[in-house]
Amino acid sequence: QDRRVTGTVVSSKDQQPIAGVSVLIKNTTLGTSTDADGKFTISAPANAVLVFSSIGFLGREVPIGNQTVLTVTLEEGSQNLNEVVVTALGIKKEAKRLGYATANVSSEQITTNRTVNFMNALQGKVAGVNISSLGTGAAGTSKIRIRGQSSFSGQNNPLIVVNGVPIDNTNFGQNNGNTGSDGSVGSRDRNYSDGGDGLSSINPDDIEGMTVLKGGTAAALYGSRAKDGVIMITTKTKGSGQGIGVVYNTNFTTDQPMDFTDYQYEYGQGEYGVRPTAPNPTSGVWSFGEKFNGQTQVLFGGVTVPYEPVRDRIKKFYRTGSTWTNSVSVSSGSDRGGFNLSISNTDNKGITPNNTFNRKTANLGFSYNLSPKLTVTGTINYSNEYNKNPPQIAQQDNSTPTVVYTMSNSMPLDVLEANQINPATGNEYIWSRFQNRTNPYFVLSQKFENIRRDRLLGNLTARYNFTDWLYLQGRVGQDFWSRDQDYNFPTGQASLAAAPAGFVNGAYVQEARRFREINADFLIGLNRTFGKFGIDITAGGNQLYRRSDVNSVLVTDFIVRGLYIPQNGRVKDPTYGLNERKVNSLYGAAELSYNEVLFLNVTARNDWFSTLAPGNRSILYPSVTGSFVFSQAFNNLPGWLNFGKVRAAYAQVGSDGDVAPYSNNLFYSVAANLFPNPSGLGQPVGNITSGTVPNATLKPSRTAESEVGLELKLFNSRVGVDLTYYNKTTSDQIVAAQTSDASGYTNTLINSGKSRNRGVELLLTGSPVRTKDFSWDITVNGSYNETKLLRLLSDTIPNEQIVVGNGIYVGDLRHVVGQPLAQLYTFGYQRDAQGRIVHGGDGLPVRTSTPISFGSALPKYVGGITNSFTYKGINLSFLIDFKLGGKMISGTNLNAFRHGLQKETLVGRGEADNKMVGVGVNERGEANAVRAFVQDYYSVGRSKSLGEQVVYDAGFWKLRQISVGYDFTKMLPSNLFIKGIRLSAVANNVAVLKKWVPNIDPEQFGFSSDNLIGLESTGLPITRSIGFNLNVRF
Amino acid sequence: CEKGFDGLNVNPTAATALNPLFTFNNAMINTTFPGQTLVFETAIVQQIFTPNSGIVAGANYNIDNRGPTGANTGIWQRYYRDVVRYLVDVIDKTKADANRTNLYNMARIWKAYASMVLTDSYGDIPYSQAGLGFLGANVTPKYDTQESIYNDILKELTEATAALDATKPTEAGDIMYGGNIEKWKKLGNSLLLRAGMRLVKVNPTLAQSTAAKAFAGGVMTANTDNALIRNNPNYQNPVGGTLNSTEAANFYLTRSFVDYLRTNEDPRLASIAARYVGAKSGAEQTAARLNRDPSVQIGMPLGFDNGTIPAQATADKLASFYDYSQVDRTRLARLDAPTFMVTTAQTQLLLAEAAQRGWITGSAADFYAAGITAHMQQLGDADANSAVPAAAITAYLQKHPYVAANGLEQINTQYWVASFLNGPEAFANFRRSDFPKLTPNPYPGKEIKGEFINRISYPDSELSVNAANLREATSRQGPDNLDTRVWWDKP
């Protein structure tokens, strides 16, 4: 017979109550958690054992015996012995049983220092996890790599699982180098915004906790999509403690663009040493003019303005943005269950003056024990997002960053702003002879883009406990979204050709997408102990069905000027696309334990992929892991060793490589418009739909990963060590390799190749000072990862390689056998034996005969150091993070060279003939004496694709976050309706401590592409955010 | 566990087969010359060029201009991806179909044409293995020698032209000739004549026999025989597109071209040239300033760049360099102007040369006059407003009679004018005939060793993805630069 047990949980340090401690009846899912006063109430059988766990504390198991009132004291510790981890399929396990590395992220880590896309707040916080925000605006994509990049192409982002069910994380935007996967979607016509990803629709306030499953073993039960790890997000399904709890949180930050430009301001606009004096439109972008000396210059067909430097272009063009999030949640909990209901609103004002983003979310989570044996849990997340005018990036037309970063150093922004539109024509006032460098103010006023997304994701789980050792669980989850996007190419833009008589030029695209993914699974679990032996068996199956379709219409030229709707278009090109795929799976896992110190876990999974060739669709793969808690196994260990565990794991994961459905065949389509034959009769025009050679024999790729790890808690748990070594090979990769154009195709789908990721992850925690009033905690995480290509198509071709993509101006990215993945190739300077640069008869540097490698774009070292200090309730913490060891080819700097903005281009200027002699030798080995135009000399990066000029170390050290908080709770009278107040001041991207690339932030990448890394082209400036977070509990 | 997967993985929104005529139409439409031909081809032969640097730098400075989408990649990417690929597919789908023999042979003729443009531009190129990425699973095609390519082109043109048969099903939906077999035969023979005459330097014997065979087979004799793509607002002329959008204010007629036409009182100057008198900027190139009067036309001299051309414009008493003459981009070079690939004018002029050389019977003077007449009339076909009056044609012919002693120069200089806006053909014929006599571009700081650019460089992408085959080609042909001559081109 159950009876009612009440109790209080307090901290051993200060005897203060701990809120939010999970209280579970051992071997069941029944439980509750403590309220703000650390109190709980639960009904439990007489012989039950209660399991207490909370992040930041060592867990405890307490047999109830005959007690009805308990006081439980928990020791502080960052990774506790009995800590419960949410593992694959949402199965909760004690951390000590796991034979693989996981990392927990608490909700505070996401909500206090928050970012619009919440993943970006985790930069530098988790060992082995490399998160990059891009220079694409607040609502842009977050790029996540766990243990490095494993595939040549396709998606390398981890699987995102919310409450046990995978969700879609499609990344929208210009994805050069992303190949044909339905996991990434580019824009249809000359639109280069980053449309964001799936993570951005989650409200961080709803997150109860997050677990990162890093290795293949952890992910074996998620199968193919988990080959790059899993991020498990648990949202709140009930309140902590009894009664109704209300929490209000508000977070406001201002976002300032960071300006790293370090241009020369000695010589102004002009070409070949001549400033604009005649009323011509000037280049607008060239700064190879005259030395500033109080002259005037003539712009825009007549305006005369002083010829003087224009500094601070970034601050002048961009504004200070802001992000304001308000959320309210109402929750209730009891031992029978509870619910959590929250709503939130986020308003982001981007730094681009016409860019805004709004997100509204509503989240309902509930769990209820219908009977002691039957528990029902469910969540519904609804979000509504509106991204207005995300900036165009990594492009010339309509891209404000490109123009702002490249325009001449004496181009006054107020003149550009005042002269956007030529009154005589109503069209863009041509300000530059590079007509696709659109006047950025014209872009702000004429170009629009709207992205609206509604998303509903949720799941329903029912679990029936037949006995305390056998249960059956059924679950169905759906992620559904619809996304409407429209954008224009403005009428009158200088780069557009005139429309046929009777029409005005311009283009407009309207697109509607729908996406649905349904995951249905069942699970049977059996858990028994026989003396010192325990057995835990799980078996189940899953069916994944994904369907996405898109209706899109592109119209070109208009009848009525300024009316951007499909029916106003002259040429109309509607298309429809549909993708469907299924993956069916069966799997099982068995865990054997001995005396709670030795654990062995084996899993097996079989997947069947609809996208692969018949006969190759099925793949079975296993995993085996073991862990040994040696600190509990022996009695004679020294007292300073509080906890010690070794673990080892081996796992395989099969995958269809995210290859798009229908990659098995060549398809034809008919163009939107007929072409008249000589008698004037319209004739169909046929296309082959793809430039990628299809592959009818695709088989699954396979990732095999082994890892060993050591976990230690020392000196009263004041020092913690978690060390992992892993070795992961991925073979039979599916990749679209670039081909010779002469084959008629641009890419071919190959299904071969093998790469290896090897690395070490280290998490060190320490509490150097811990006194009653003051404590100092330090967390260091770091990882070293090296990804090497072992094999491509054959074993015989030396230096075999594939090209996966090109930079906009210069450079390509290749995978070369025997080398780390993602080699950046471009032409280098030809040098003689002594390393001197060889110059040709034209006086310009000679390039190497073929492109040469400048190293891998992938960082080798990624990590962060967090220091937190607590003094009498005041908490200060700051995070320094780093990424080191990767290279980049910088398109922004290429433009800065050829446009004469780089300080290096001052060398050689000032001669009467505007020529210089480059330092080096000629082709006969004599000192170079040929004079070449200064402008031509520095333009070889573009004119000769001599990219060595702009190869840089992409590494950095950043002061990523600072927060200062104070908990006012204890100052509140205990009978006040307000139960708690916490206020924090926060700052993100505070400072770049060290970087090697000039003029930009090394993370300021324009591409949201999954694979095309290291080829930088101008993105939006990175912002420094400063603000506060206020959390009030009622 | 894989029930229904076969059906699920069939694309419901695309077709697995299509009438090959539709893809053939696409291949022909895509044969129009890319805008990049303005950077090299038309500038090398000194018809249209720009003083500007950046992506439009090339023959104006006698330098290469590479990069993923550099001007040297224009023909290569467009023709291999969008022409050769489709033609290989059409040939594959029709070769065993008794009802499509005419389509099959039309595709062979057009493939010979496209291959000629490619090999004339680059020299040795992938040919026998080209376009086989899917059908032959060959994504790294080997390079064939230009000699072997020409031998095969001659064979293909001969066989395919002979095999065309009006008694078999014809292809009314063909966008070039509406399936008119007689016109396709004339095209085949005219191309054979062009291919044969290309070999005058390297193999005069073969050139002679080929020209004679082509002439005997029947070549183009009227402008209604011309091989052209009738571009329209939906399928635009890429050269017209370039000249009417981003580069509208950047390309000008050269002084040599304008002066040649003006000093000869050529009535075509009024059809070709337009000047925005007094324009001080691109924005001022407005309809109100447009002047087509031949007497006010002034071409832009070569040898200047964006820094030095303003001073030259002042010296030429112009408001700015935007005041020089341009090709009339509201008429001949408008967005939807037709693209002429093989014309009666060119064909008749080639016959004139063959006759001059004594390789065929007939009067060189008559062919010469017919060629000039055809081109002047063709301008009216391109844009009715550009038509040359019949009287002006007669007057011009009277004033400029054929003189056998200067025959080759006269013929090929006329060929140069007749190939205006067909950069690849003007460039090829300039190299094979060494006419017209052009003064080398005097721009300081050239990259080439000789006086003129002799070929277009291979795209850098070939170095990345097809390096072994490329190296084999460059080791026998010569370095991959602008100086190396193609096989049929001898100094």
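This is a predicted model: local features need pLDDT of at least 70, side-chain atom pairs count only at pLDDT 80 or more; totals for chains, interfaces and linings use all residues.
Me: Hi! How many helices and strands does chain B have?
Reply: Happy to start there. Along its principal axes, the C-alpha trace of chain B spans about 80 × 60 × 45 Å. Buried residues account for 64% of its 491 residues. As for secondary structure, chain B has 19 helices and 9 strands.

Me: What is the radius of gyration of chain B, and what does the globule rule give for 491 residues?
Reply: The globule rule gives 23 Å for 491 residues, and the value for chain B is close to that, so chain B is as compact as a globular protein of that length. Among contacts in chain B between residues at least 6 apart in sequence, 74% join residues at least 24 apart. The radius of gyration itself is 23 Å.

Me: Which helix of chain B supplies the largest share of the side that touches chain A?
Reply: Across this interface, 88 residues of chain B are in contact with 86 residues of chain A. Several elements of chain B each supply at least two residues of that side, among them helix 1 (5–8), helix 2 (20–29) and helix 18 (460–465). By class, the chain B side has 38 nonpolar, 34 polar and 16 charged residues. The largest share, 8 residues, comes from helix 4 of chain B.

Me: Which helix gives the largest share of the domain 1 side that touches domain 2 in chain B?
Reply: In this contact, 21 residues of domain 1 of chain B meet 22 residues of domain 2 of chain B. Strand 1 (48–49), helix 14 (364–382) and helix 15 (390–399) each supply at least two residues of the domain 1 side. That side has 13 nonpolar, 7 polar and 1 charged residues. Its largest share, 3 residues, comes from helix 15 of chain B.

Me: How far apart are the end C-alpha atoms of helix 6 of chain B?
Reply: Helix 6 covers residues 146–163, which is 18 residues. At 1.5 Å a residue, helix 6 should span 26 Å, and the model agrees with an end-to-end distance of 25 Å.

Me: What arc do the buried residues of helix 6 of chain B cover around the axis?
Reply: The buried residues of helix 6 include B:Ile149, B:Ile153, B:Leu157 and B:Ala160.

Me: Is B:Ala137, with its positive phi, buried or exposed?
Reply: Phi of B:Ala137 is near 50°, a positive value in a residue other than glycine. B:Ala137 sits in the loop between strand 2 and strand 3 of chain B. It has 11 C-beta neighbours inside 10 Å, and the cut-off for this class is 12 or fewer, so B:Ala137 counts as exposed.

Me: And is A:Asp557 buried or exposed?
Reply: A:Asp557 lies in strand 30 (residues 533–558) of chain A, and its phi is positive, about 70°, although it is not a glycine. With 23 C-beta neighbours inside 10 Å, A:Asp557 counts as buried.

Definitions and conventions. Residues are numbered from 1 along each chain as its sequence is written. Chains are lettered from A and ligands numbered from 1 in the order in which they are written. Two residues are in contact if their C-beta atoms, placed from the backbone, lie within 7 Å. Helices (H or I, at least four residues) and strands (E, at least two) are DSSP runs, numbered from the N terminus. Ala, Val, Leu, Ile, Met, Phe, Trp, Tyr, Cys and Pro count as nonpolar, Asp, Glu, Lys and Arg as charged, and the others, Gly among them, as polar. The expected span of a helix is 1.5 Å times one less than its number of residues. A residue is buried if 20 or more other C-beta atoms lie within 10 Å of its own, exposed if 12 or fewer, and partly exposed in between; C-beta atoms are placed from the backbone. The radius of gyration is taken over C-alpha atoms; the globule rule is 2.2 Å times the number of residues to the power 0.38.
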